[in-house]
Amino acid sequence: MNPDHPPDFHEFAASRWPRLFRLALLLTDDQGLAEDLAQSALTAVYASWNRVRRADDPDAYARRILLNTHLGRFRRKRPKEIPLVAEDGPAVPDPAGAVDTRLALNAALASLPPRQRAVVVLRYWSDLTEEQTAASLGCSVGTVKSQASKAMAKLRVHPALAHAPEEVHSR
């Protein structure tokens, strides 16, 4: 543990990393980007640690920072990252990637616009209420409902989900 970090931040970051990383992975559909996004969010949480730890819901604060960072990527023009060295070795297999349904859902999610994708991930993966989702995204409950409705309509007809099990379509 770094002695410069407040002990309570270290505990917060260690316990929230898996959840923030999973949320980032669902939002980006890329492990490297998800790690960068979660790390950027925790860096911002650390910079605002005094406010975060006094907040009524520090998890919501961290989630909001992560979402703002993710959505901000689409607002700014940045040069595309180009790897300096091509990876020749085999990728480490993702145990969750072996499930066809998971792959189909990820492909379908990747096709959604960023705002709709964020709504679906927060509502259905993170099990947030419409009010919590609206607060996380800084929008109204009506916007969450309309974005969720549009996203679900797109997902129902997405080709990747055409042969998915019935429980995928039941939401």
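Contact is taken here to mean heavy atoms within 4.5 Å. In the predicted model, this criterion places Glu130, Glu131, Thr133 and Ala134 of helix α7 against Val141, Val144 and Lys145 of helix α8. The residues of this contact comprise three nonpolar, one polar and three charged. Helix α8 spans residues 141-156, and its axis lies 8 Å from that of α7 at an angle of about 100°. Angles of 65 to 115 degrees count as roughly perpendicular, and α7 and α8 are therefore assigned to that class.

The protein chain as a whole contains nine helices and zero strands. Read from the N terminus, the order of elements is α-α-α-α-α-α-α-α-α. Of the 171 residues in the protein chain, 32% are buried. Among contacts with a separation of 6 or more, 61% are between residues 24 or more positions apart.

Helix α7 also packs against helix α6. Two packed helices are described by the angle between their axes and the distance between the axes. For α6 (residues 114-125) and α7 (residues 130-137), the angle is about 135° and the axes are 10 Å apart. The two helices α6 and α7 are therefore oblique to each other, and their crossing is right-handed. On the α6 side, the contact involves Arg115, Ala118, Val119, Leu122 and Arg123, which meet Glu130, Thr133, Ser136 and Leu137 of α7. By residue class, the contact of α6 with α7 divides into four nonpolar, two polar and three charged. Glu130 and Thr133 take part in the contact with α6, and Glu130 and Thr133 are also listed in the contact with α8.

The loop between α6 and α7 contains Asp127. The phi angle of Asp127 is near 55°, a positive value in a residue other than glycine. Asp127 has a relative accessible area of 55%; the cut-off for exposed is over 50%, so Asp127 is classed as exposed. A positive phi is also found at Asp29, where the value is about 60° and the residue is again not a glycine. Asp29 is located in the loop between α1 (7-28) and α2 (31-47). With a relative accessible area of 37%, Asp29 is partly exposed.

Tyr124 belongs to helix α6 and is partly exposed, its relative accessible area being 24%. The C-alpha atom of Tyr124 is separated by 9.7 Å from that of Ala148, which is 24 residues away along the chain. Leu103 is placed in helix α5 (residues 100-110). The relative accessible area of Leu103 is 44%, and this residue is partly exposed. Leu103 and Leu161 are 58 residues apart along the chain, and 9.5 Å separates their C-alpha atoms.

Notes: Residues numbered from 1 in each chain as written. Predicted model: local features only at pLDDT ≥ 70, side-chain atom pairs only at ≥ 80, totals over all residues. Heavy atoms only, no water. Helix = DSSP H or I, 4+ residues; strand = E, 2+ residues; numbered from the N terminus. Buried < 20%, exposed > 50% of the residue type's maximum accessible area, 1.4 Å probe, protein only. Axes fitted to C-alpha atoms, helices over the stretch in contact; angles between N-to-C directions. Parallel < 35°, antiparallel > 145°, perpendicular 65-115°, else oblique. Left-handed = near helix turned anticlockwise from the far one by under 90°. Nonpolar A, V, L, I, M, F, W, Y, C, P; charged D, E, K, R; others polar.
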